[in-house]
Amino acid sequence: MEVFYYLVFGGLAAVVAALELGKSGKDRVATTPAFNAFKNNYILVYSLMMSGDWLQGPYVYYLYSQYGFDKGDIGRLFIAGFGSSMLFGTIVGSLADKQGRKRACITYCISYILSCITKHSPQYKILMIGRVLGGIATSLLFSAFESWLVAEHNKRGFDPQWLSITFSKAIFLGNGLVAIVAGLFANLLADNLGFGPVAPFDAAACFLAIGMAIILSSWSENYGDTSDSKDLIAQFKVAAKAIASDEKIALLGAIQSLFEGSMYTFVFLWTPALSPNEEEIPHGFIFATFMLSSMLGSSIASRLLARKLKVEGYMQIVFIISAFTLFLPVVTNFLVPPSSAKGGSISFGGSLQLLGFCIFESCVGTFWPSIMKMRSQYIPEEARSTIMNFFRIPLNLFVCVVLYNVNAFPITVMFGMCAIFLFMAAILQRRLMVVSDLHRSTKAVEMTGEDAPLNP
């Protein structure tokens, strides 16, 4: 493997280590032992849940190909997963507000364990059922756990500012360190030990079972709207009304869909972008480098949040940087002469794009704890899971359309489209900051008016 990859990985590792070890008093928040115990319990569970997800990622496509399915068949399996997340996942996730967030988290574990079991079958219908179960689990992963955390944090009377600490640490470990270790562990099981591509899915099921046992033994239940009169349709109406009546919630949903849609599109595009002429690139090592970049971003976010910088302000910069990094393949396609030779090592243009993609992944690491912080501020508690799953409907629809048409457009067009979406997210983020500042000012004036003494 070329020295270039080691230099990039080593440089990122050094920066992350320097940021974490060099935190000053301004970057740390004084908390209580009770909160630390609560935070550590949640981070342990979240890391186990994410390990169950990350272990599967590197071998899903490869396993399907080993069963003899072609690119079209595999594409339909992936579309089924995102379609299931959009349709069934939205319904199941929304039940969390009514039936309990703890139950929803347990449902995630069971659904994903069953999905892992289906990977032992080479039958297309069984694998399709597994993708449907996986889509339901994905919706629960990105809504139920966060909803439980926010509600439990507030119920226990912890400082609202401390939520950002849990968010940052969970992303730093669950979406960074755990992802790197899971990728290496999956490679060890499947390749080095020779257990085959199904082994990572069995390991994922084990980690999910351990996490479920911790949830059952240590988590209490919490709910959104517990009124008996509201069925699922009524909950959807409440969520839709909240989004339609509060511009801040609508803007937040649009921002999330634009960014995550671009992020998931990037997941499908980075391999052909770095190896357009079938260059030999170390996919696993590059994936680990991306996850290290994400850790860098979450470390930066933890510092920004600890210093109580306005999330709505710095996220505009993050979105603009993201837009430029995903526009880089378009620029290099015009400025750097493409090589016509097949195979070989990564090209100069590919090296530039890899550096840009690492910056994009750093933006992803900053995005997650920041969007979680904004959701905790703007989304009402009684319909939190329902609204968060509403946000995922346009996201999953967008990804399904991209997957269906992934071969219809040149890769530069796809990256250009993502760059435009990210620039739109920056504009909407600016609007969100203006609206939220206006809302705070109006509320402050109203409170001042209420407290002012009557004129004699």
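Predicted model: local features only at pLDDT ≥ 70, side-chain atom pairs only at ≥ 80, totals over all residues.
**A179.** Leaving out residues up to four places away in sequence, A179 touches W54, L173, G174, F287 and M291. I placed A179 in helix α8, which covers residues 163-192. Is A179 buried or exposed? I noted it as buried, because its relative accessibility is 0%, and the cut-off for buried is under 20%. I also looked up a distance from A179 to G224: the two are 45 residues apart along the chain, and their C-alpha atoms are separated by 31 Å.

**Helix α2, Y46.** Next I turned to helix α2, residues 33-54. Y46 lies in this helix. Y46 has a relative accessible area of 4% and is therefore buried. Which residues does Y46 contact, beyond its neighbours within four places? I listed A170, I171, G174, N175 and M372. G174 had already come up as a residue that A179 touches. For spacing, I took Y46 and G196, which are 150 residues apart along the chain and have C-alpha atoms separated by 27 Å.

**Helix α2, V45.** V45 is also placed in α2. I recorded V45 as buried because its relative accessibility is 0%. Outside four places in sequence, V45 is in contact with F145, I214, I215 and W219. I checked V45 against I281 too: they are 236 residues apart in sequence and 34 Å apart in space, C-alpha to C-alpha.

**Helix α2, S51.** I then looked at S51, another residue of α2. The relative accessible area of S51 is 8%, so S51 counts as buried. With neighbours within four places set aside, I found S51 in contact with V178, A182 and F207.

**Helix α9.** I moved on to α9, which runs over residues 199-218. How far does α9 reach from its first C-alpha to its last? The helix has 20 residues and reaches 29 Å, close to the 28 Å expected at 1.5 Å a residue. I wrote down its buried residues: A199, P200, F201, A203, A204, A205, L208, G211, M212, I214 and I215. I214 and I215 are among the contacts of V45. The buried residues of α9 pack against α2, α3 (60-66), α5 (101-118), α7 (144-155) and α8.

**F145 and the core.** I followed F145 from the V45 list. Apart from neighbours within four places in sequence, F145 is in contact with Y42, V45, M49, C105, Y108, L140, I215 and W219. How many residues are in the largest nonpolar core? I noted 139 residues, and those with the most contacts inside this core are M49, Y108, F145, F290, F357 and I387.

**α7 with α15.** I looked up how α7 meets α15. Their axes come within 9 Å and cross at roughly 145°. I recorded a right-handed crossing of α7 past α15. The contact is made by A144, E146, S147 and V150 of α7, and by R384, S385 and M388 of α15. By class, I have three nonpolar, two polar and two charged residues in the contact.

**α11 with α15.** My last entry is on α11 (residues 247-274) and α15 (residues 384-404), which pack at an angle of about 35° with their axes 9 Å apart. Here too I noted a right-handed crossing, α11 past α15. From α11, the contact is made by I249, L252, G253, Q256, S257, E260, G261, S262, Y264, T265 and F268. From α15, I listed I387, F391, R392, P394, L395, F398, V399, V402 and L403. What classes of residue make up this contact of α11 with α15? I recorded 12 nonpolar, six polar and two charged residues.

Methods
Residues numbered from 1 in each chain as written. Heavy atoms only, no water. Helix = DSSP H or I, 4+ residues; strand = E, 2+ residues; numbered from the N terminus. Buried < 20%, exposed > 50% of the residue type's maximum accessible area, 1.4 Å probe, protein only. Contact = heavy atoms within 4.5 Å. Core = buried A, V, L, I, M, F, W, Y, C linked by side-chain atoms within 4.5 Å. Axes fitted to C-alpha atoms, helices over the stretch in contact; angles between N-to-C directions. Left-handed = near helix turned anticlockwise from the far one by under 90°. Nonpolar A, V, L, I, M, F, W, Y, C, P; charged D, E, K, R; others polar. Expected span 1.5 Å × (residues − 1).
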